[in-house]
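Dear colleague,

Please find below the sequence and structure that I am handing over to you. My notes on what was found follow.

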Amino acid sequence: MLTNIQPRPNSAMSEDDKRVLGRHDQFGIADLYLNETESVFHPWVGDVWLKPLRFDVRNSLYVNILWAKKPSGLGRHRHRGPVTAYTLEGSWRYEEYDWVAQAGDFVQENPGVIHTLTSDTGTKALFFVQGSLEFYDEEDKLTETQDVFGFMDMYIRYCEENGVPFNDKLVF
């Protein structure tokens, strides 16, 4: 049974509640718990590493922790879907904006803007990335596109090359 819906003690479930609970059991997806060791950081761009937490292929959503081990950055890129970030450690910014995300700060990015992620200190931040991510050179030429499948492939290849078992619980 996949459900987390539980009736209050000593209360009877209505027929509607039972039907809904049955639909959840039939079509619902189990909750996910990952401990610290069930996913590992892997290199991405320069000194920026990623730790995948979820590959949601149905919604083109990639959840990860981005770790810039020292001052570094990603390069110019555009998101084709919304991005949500929460800074865990250090700080990061977009060169095109006047704010700096510090530990505890929340950022909501909307699709379409080209920006350049930079960390002057190193950082760890939790990112929810929906849709594709496009990288551009200084002449605004598209150089690479990544989506949930590209990020998943990058992680699987890293696991295979380094003898790390791929945790298929990460894929939804």
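**Strand pairing around E3**

Strands E3 and E9 pair in the antiparallel sense over eight bridges; two strands count as paired if DSSP finds at least two bridges between them. Helices (H or I, at least four residues) and strands (E, at least two) are DSSP runs, numbered from the N terminus. This is a predicted model, in which local features need pLDDT of at least 70 and side-chain atom pairs count only at pLDDT 80 or more, while totals for chains, interfaces and linings use all residues. Residues are numbered from 1 along each chain as its sequence is written, and side-chain values use heavy atoms, with hydrogens and water left out.

Seven of the eight residues of E3 are buried, so the strand is mostly covered; buried means under 20% relative accessible area, exposed means over 50%, and partly exposed lies in between (1.4 Å probe, protein chains only). E9 pairs with E5 as well, in the antiparallel sense over seven bridges, and here Val83 has Val129 in E9 as its bridge partner.

**The nonpolar core**

A nonpolar core is here a set of buried Ala, Val, Leu, Ile, Met, Phe, Trp, Tyr and Cys residues joined through side-chain atoms within 4.5 Å. The largest one has 27 residues, of which Trp44, Phe55, Leu66, Trp92, Phe127 and Phe151 touch the most other members. Two or more residues each are given to this core by strands E2 (48-56), E3 (61-68), E5 (83-94), E9 (123-130) and E10 (133-136), and by helix H2 (148-161). H2 gives the largest share, six residues. Not counting residues up to four places away in sequence, Phe151 touches Trp44, Leu50, Phe55, Tyr62, Leu133 and Gln146, where contact means heavy atoms within 4.5 Å.

**The cavity**

How many cavities of 30 Å³ or more does a search of the whole structure find? The search finds one, and the largest cavity holds about 120 Å³ of space. On a 1 Å grid over the protein atoms alone, a cavity is a set of points where a 1.4 Å probe fits but cannot get out, and lining residues have an atom within 4 Å of a point. Grid points are joined across faces, edges and corners, and the volume is the space filled by probe spheres set on the points.

Of the 15 lining residues, Trp44, Leu66, Leu74, Phe127 and Val129 are the closest to the centre of the largest cavity. E3, E4 (72-79), E5 and E9 each supply at least two residues of this lining. By class, the lining has 12 nonpolar, three polar and no charged residues; Ala, Val, Leu, Ile, Met, Phe, Trp, Tyr, Cys and Pro count as nonpolar, Asp, Glu, Lys and Arg as charged, and the others, Gly among them, as polar.

**Asp47 and Ser72**

Asp47 is placed in the loop between E1 (42-45) and E2 and is partly exposed, at 31% relative accessibility. Leaving aside neighbours within four places in sequence, Asp47 is in contact with Trp67, Ala68, Lys69, Lys70 and Ser72. Asp47 and Ile29 are 18 residues apart in sequence and 35 Å apart in space, C-alpha to C-alpha.

Ser72 belongs to strand E4 and is buried, with a relative accessible area of 17%. With neighbours within four places again left aside, the contacts of Ser72 are Asp47, Val48, Leu117, Thr118 and Ser119.

**Residues with positive phi**

Most residues other than glycine have a negative phi. Ser60, which is not a glycine, has a positive phi near 50°. The hairpin of E2 and E3, in which Ser60 takes this phi, has four residues between the strands. Ser60 is partly exposed, at 25% relative accessibility. Asp140, also not a glycine, has a positive phi of about 60°. Asp140 lies in the loop between E10 and E11 (142-146) and is partly exposed, with a relative accessible area of 46%.

With kind regards

Methods:
On a 1 Å grid over the protein atoms alone, a cavity is a set of points where a 1.4 Å probe fits but cannot get out, and a pocket is an open set with protein on both sides within 12 Å along at least five of seven lines; lining residues have an atom within 4 Å of a point.
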